[in-house]
Amino acid sequence: MLVIEKIQPPLMVYWFAVVVIFILLGKYGRQAIEWVLMRLYDFFIQNTPTII
């Protein structure tokens, strides 16, 4: 019998986030990374949804 491992969604989300951050770093530089991280901080830590 063949057993196929399913993709674990939480793990894929973290990998996708890392890839997006590296793409932004390479394309737009440090200011873009700071902006994204501040928006994530506002949304997840302070629980204040912001308009992007």
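User: In which helix do glutamate 34 and arginine 30 lie, and how many residues apart are they?

Analyst: Please bear in mind that this is a predicted model. Glutamate 34 and arginine 30 both belong to helix H2, with a separation of four residues, about one turn of the helix. Their side chains meet in a salt bridge of 3.1 Å, N to O. Arginine 30 is exposed, at 64% relative accessible area, and glutamate 34 is partly exposed, at 42%.

User: How many salt bridges does the structure hold?

Analyst: There are two. The side chains of aspartate 42 and arginine 39 also meet in a salt bridge, at 3.9 Å from N to O. These residues too are both in helix H2, three residues apart, which is again about one turn of the helix. Aspartate 42 is buried, because its relative accessible area of 14% is under the 20% limit for burial. Arginine 39, at 28%, is partly exposed.

User: What are the dimensions of helix H2, and which of its residues are buried?

Analyst: A helix may be checked by comparing its reach with the span expected at 1.5 Å a residue. Helix H2 covers residues 30–45, has 16 residues, and reaches 21 Å from first C-alpha to last, close to the expected 22 Å. Its buried residues are Ala32, Ile33 and Asp42, and the buried residues of H2 pack against helix H1, residues 9–28. Just after H2 comes asparagine 47, with a positive phi of about 55°.

User: How does helix H1 read by the check on reach, and how many of its residues are buried?

Analyst: Helix H1 has 20 residues and reaches 28 Å from its first C-alpha to its last, close to the expected 28 Å. The number of buried residues among its 20 is one, so H1 lies largely in the open. Glycine 29 follows H1 and has a positive phi, near 90°.

User: How is the packing of two helices described?

Analyst: In general, one gives the angle between the two axes and the distance between them. Here the axes of H1 and H2 come within 7 Å and cross at roughly 145°. By class, the contact of H1 with H2 has eight nonpolar residues, no polar ones and one charged residue.

User: Which residues of H1 and H2 meet?

Analyst: From H1 come Ile21, Leu24, Leu25 and Tyr28; from H2 come Arg30, Ala32, Ile33, Val36 and Leu37.

User: How far apart are valine 36 and isoleucine 21, in sequence and in space?

Analyst: The two are 15 residues apart in sequence and 8.4 Å apart in space, C-alpha to C-alpha. Valine 36 has its place in helix H2 and is partly exposed, with a relative accessible area of 21%.

User: How many aromatic pairs does a search of the whole structure find?

Analyst: The search finds one aromatic pair. The ring centres of phenylalanine 43 and phenylalanine 44 are 4.9 Å apart and the ring planes stand at 90°, so the pair is edge-to-face. The reasoning rests on the angle, because planes over 60 degrees apart count as edge-to-face.

Notes. Residues numbered from 1 in each chain as written. Predicted model: local features only at pLDDT ≥ 70, side-chain atom pairs only at ≥ 80, totals over all residues. Heavy atoms only, no water. Phe/Tyr/Trp six-rings, centres within 6.5 Å; stacked < 30°, edge-to-face > 60°. Helix = DSSP H or I, 4+ residues; strand = E, 2+ residues; numbered from the N terminus. Expected span 1.5 Å × (residues − 1). Buried < 20%, exposed > 50% of the residue type's maximum accessible area, 1.4 Å probe, protein only. Contact = heavy atoms within 4.5 Å. Salt bridge = Lys/Arg side-chain N within 4 Å of Asp/Glu carboxyl O. Axes fitted to C-alpha atoms, helices over the stretch in contact; angles between N-to-C directions. Nonpolar A, V, L, I, M, F, W, Y, C, P; charged D, E, K, R; others polar.
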